[in-house]
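Let's take a walk through this one together, from the rings to the sheet and then out to a couple of loops. Keep the viewer open as you read.

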Amino acid sequence: QVQLVESGGGLVQAGGSLRLSCAASGNILRINTMNWYRQAPGKQRELVAGITRGSATNYADSVRGRFTISRDNAKNTVYLQMNSLKPEDTAVYYCNVDLLSSDWKFIRDQWGQGTQVTVSS
């Protein structure tokens with residue numbers, strides 16, 4: 001059993017910043033890729049940013065230069081620093097990980113419950 005708990009969402013004005021966190025706990029031996037996705041009302045869920053265990057990163061074009069993904073392997077936690085927020089960043093943000101469980105099973109696509117980010121104009 002693996003749990004992902006996101007925090008840090010909220011309401012912010014355009015141009016502001018937020019920092020999201022996602023902490024994983026449970027039957028975990030090692031976490032591989034950690035990702036942040038988002039889903040706006042009426043739209044498909046999209047990948048925002050990802051980070052490998054070795055800290056290689058990738059970003060959606062729409063957030064590159066404004067968002068920064070990072071991770072703390074000792075804490076099984078991934079962060080998303082969001083700067084220069086725009087109204088179009090409004091969405092529910094989800095944490096997603098691939099991991100190796102303590103009983104040596106590779107588990108893909110574990111999802112958190114999501115955290116709402118609302119950017120007002």
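A quick definition to start: buried means under 20% relative accessible area, exposed means over 50%, and partly exposed is whatever falls in between, using a 1.4 Å probe and protein chains only. This is a predicted model, where local features need pLDDT of at least 70, side-chain atom pairs count only at pLDDT 80 or more, and totals for chains, interfaces and linings use all residues. Residues are numbered from 1 along each chain as its sequence is written, and side-chain values use heavy atoms, with hydrogens and water left out.

On to the rings. Rings of Phe, Tyr and Trp (its six-membered ring) pair if their centres lie within 6.5 Å; planes under 30 degrees apart are stacked, over 60 edge-to-face, and the rest tilted. By that rule the structure has two aromatic pairs. In one of them, the ring centres of Y94 and W111 are 6.4 Å apart and the planes meet at 85°, so this pair is edge-to-face. Y94 belongs to strand 9 (residues 91-101) and W111 to strand 10 (residues 106-111), so the pair ties together parts 17 residues apart in sequence. Strands here are DSSP runs of E with at least two residues, numbered from the N terminus. Y94 is buried at 14% relative accessible area, whereas W111, at 35%, is partly exposed.

To qualify, NZ of Lys or CZ of Arg must be within 6 Å of the ring centre and within 35 degrees of the ring normal. R19 does likewise over the face of Y79, at 4.1 Å from the ring centre.

Four strands form an open, antiparallel sheet in the order 1-3-8-7, where pairing takes at least two DSSP bridges between strands. Strand 1 (2-7) and strand 7 (67-72) are at the edges with a single partner strand each, so one side of each has no neighbour in the sheet. Strands 7 and 8 pair over six bridges, with T68 opposite Q81 in strand 8.

Finally, the loops. Most residues other than glycine have a negative phi. S55, however, has a positive phi near 75°; this residue sits in the loop between strand 5 (46-51) and strand 6 (57-59) and is partly exposed at 44%. S84 has a positive phi too, near 50°, in the loop between strand 8 (77-82) and strand 9, and is partly exposed at 40%.
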